[in-house]
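Welcome! Here is a short briefing to read with the model in view.

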Amino acid sequence: MSMTTPPGWYPDPGVPGTERWWDGTAWTGHTRAPGGQAFGPPEPVTVVAAPVVRRRGPLLAIGATAVVLVAAIAVGVVVLGKGDDTPHTTSASKSATAPVAANSPSPNPSSGPPGDPHTLVDQLNGITLPIPDGWEKTDDAVTGLVTMATKDTYNCPGDSGFCHHGKVTTSTATMTDLKTAEAVAKNDITDAANDAYDHDPVGARLYNGITSHREVKSGSVVVDGRTGYLVRWEVKTGAGPGGYVESLAFPSTVGSEAMVIARFAFDAGKDGPPLALMDTVTQGIAPIGGGRNGGVGSSLPPPSL
C-alpha cells in the first residue's frame, strides 16, 4: 500500500554522500551535504524514483530505473527562502503517490531532448555523448539505462530476438566501496561482457553464451577533463562472430563526483562498428550544454565496414 511522503531532505543513492529534496509531489534538483549547506539553487527539475539493478559480481549497483515508482498528478514549484537552505514548496495541487519507503529513491537518468538526433544526454551525471551517424537513442524498458544503439538490427544467432551491431550505455556506480576509476572499471567488465553477450536481463542467451575472452586494451584515459580508466575485452560466443566489450569509468562532474560507467558492446566481423569508434565517443563526452570535445549537437562520421 502506498502513501504520501512529506517534503524533506532524503539520501540520494544516485549521488552517494548527498541528500536530495522531495517536495511532497516529486524529486527536485536541489541537493546538499547530509544535514549541511545546500549546494546552491539549481534550476528545478523533476526526477523519479527507481530501484538499483541487482549485480552478479561484487556489490556494484547501477543507478538507473526500469520501473517508475512516483506518479505525480500535479508538479510542485520549488523556491528558496531567504536565509534558509531548505526549499519551500507551493503548488496548485499536492496530490501525489510517493513510495512507502521514500528514504532514498534514485533520480531517473534522461536520454535528453528527442529533437536532437546527434546527442545522448545523461541528466543525472551531467554529461552528453555524441551519437554517430547510423545510431539512435533507444529506450531500454528493462534496465532503464541511458542508451544508444545502431539503427540496423538483425536476428540474434542464438535465442530468438533482435540484436544490435553496437550499443553504448551510461549509468552511475553506487553501493560500492571501490574508490578509483581503475577499480570500478576492472570490477565492472565481467558484468558488462555477460550482459552484452552471455545473457540479457531476462535470461535469453542471444549468442548462446560466451565461450572465451581476452583483454585487448586497458589503461587510463581522460574523459571530460578528468582521469578515467577503461578495460576492453574481446569475447567469443557460442553463436555469431562474438564482439568487443568495454567498461569505462570516470568521476562525475556533478554532485559528490560518484563514478560514471559507460559500457560499449560492438559486434566483431564486417558488420560490427570499428573499434576506433569507442575512442571517438569517449573523446566526445562533454558537460551538458556543450564543451571542448564536441558536446551537444556533435555528429560523428558513419562507421566504416
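This is a predicted model: local features need pLDDT of at least 70, side-chain atom pairs count only at pLDDT 80 or more; totals for chains, interfaces and linings use all residues.

Residues are numbered from 1 along each chain as its sequence is written, and side-chain values use heavy atoms, with hydrogens and water left out.

**The chain as a whole**

- The chain has 21 strands and 2 helices; strands (E, at least two residues) and helices (H or I, at least four) are DSSP runs, numbered from the N terminus.
- Of the 305 residues, 49% are buried; buried means under 20% relative accessible area, exposed over 50%, and partly exposed in between, with a 1.4 Å probe and protein chains only.
- Among contacts with a separation of 6 or more, 56% are between residues 24 or more positions apart; a contact means heavy atoms within 4.5 Å.

**Strands β1 and β2**

- Strand β1 (residues 8-11) runs antiparallel to β2, and 4 bridges join them; two strands pair if DSSP finds at least two bridges between them.
- Pro-11 has Glu-19 in β2 as its bridge partner.
- Strand β2 (residues 19-22) is covered on both faces, with Glu-19 and Trp-21 buried on one side and Arg-20 and Trp-22 buried on the other.
- Ala-33 sits in the loop between β3 (27-32) and β4 (61-62), and its relative accessible area of 28% makes this residue partly exposed.
- Pro-11 and Ala-33 are 22 residues apart along the chain, with 9.4 Å between their C-alpha atoms.

**Salt bridges**

- The structure holds 10 salt bridges, each a side-chain nitrogen of Lys or Arg within 4 Å of a carboxyl oxygen of Asp or Glu.
- One of them brings together the side chains of Asp-188 and Arg-263, at 2.7 Å from N to O. Asp-188 is in helix α1 (residues 181-198) and Arg-263 in strand β19 (residues 259-267), so this pair ties together parts that are 75 residues apart in sequence.
- Asp-188 is buried, with a relative accessible area of 0%, and Arg-263 is buried as well, at 12%.
- Another salt bridge joins Arg-214 and Glu-234, whose closest N and O atoms are 2.7 Å apart. Because Arg-214 lies in strand β16 (residues 210-223) and Glu-234 in strand β17 (residues 226-237), the pair ties together parts that are 20 residues apart in sequence.
- In this pair, Arg-214 is partly exposed, with a relative accessible area of 49%, whereas Glu-234 is buried, at 11%.
- Glu-246 and Arg-232 also meet through their side chains in a salt bridge, 2.7 Å from N to O. Glu-246 belongs to strand β18 (residues 243-251) and Arg-232 to strand β17, so the parts tied together are 14 residues apart in sequence.

**The disulfide**

- The structure has 1 disulfide, defined as a pair of cysteine sulfur atoms within 2.5 Å. A disulfide is a covalent bond between the sulfur atoms of two cysteines.
- Cys-156 and Cys-163 form this link, with their sulfur atoms 2.0 Å apart.
- The link of Cys-156 and Cys-163 is right-handed, with 115 degrees about the S-S bond, and both cysteines are buried.

**Two buried strand residues**

- Ile-127 lies in strand β10 (residues 127-132) and is buried, with a relative accessible area of 1%.
- Leaving out residues up to four places away in sequence, Ile-127 touches several others, among them Leu-120, Phe-250, Val-260 and Ala-286.
- Ile-127 and Ala-286 are 159 residues apart along the chain, yet 5.5 Å separates their C-alpha atoms.
- Thr-138 is part of strand β11 (residues 135-139) and is buried, with a relative accessible area of 18%.
- Apart from its neighbours within four places in sequence, Thr-138 is in contact with Thr-147, Met-148 and Ala-149.
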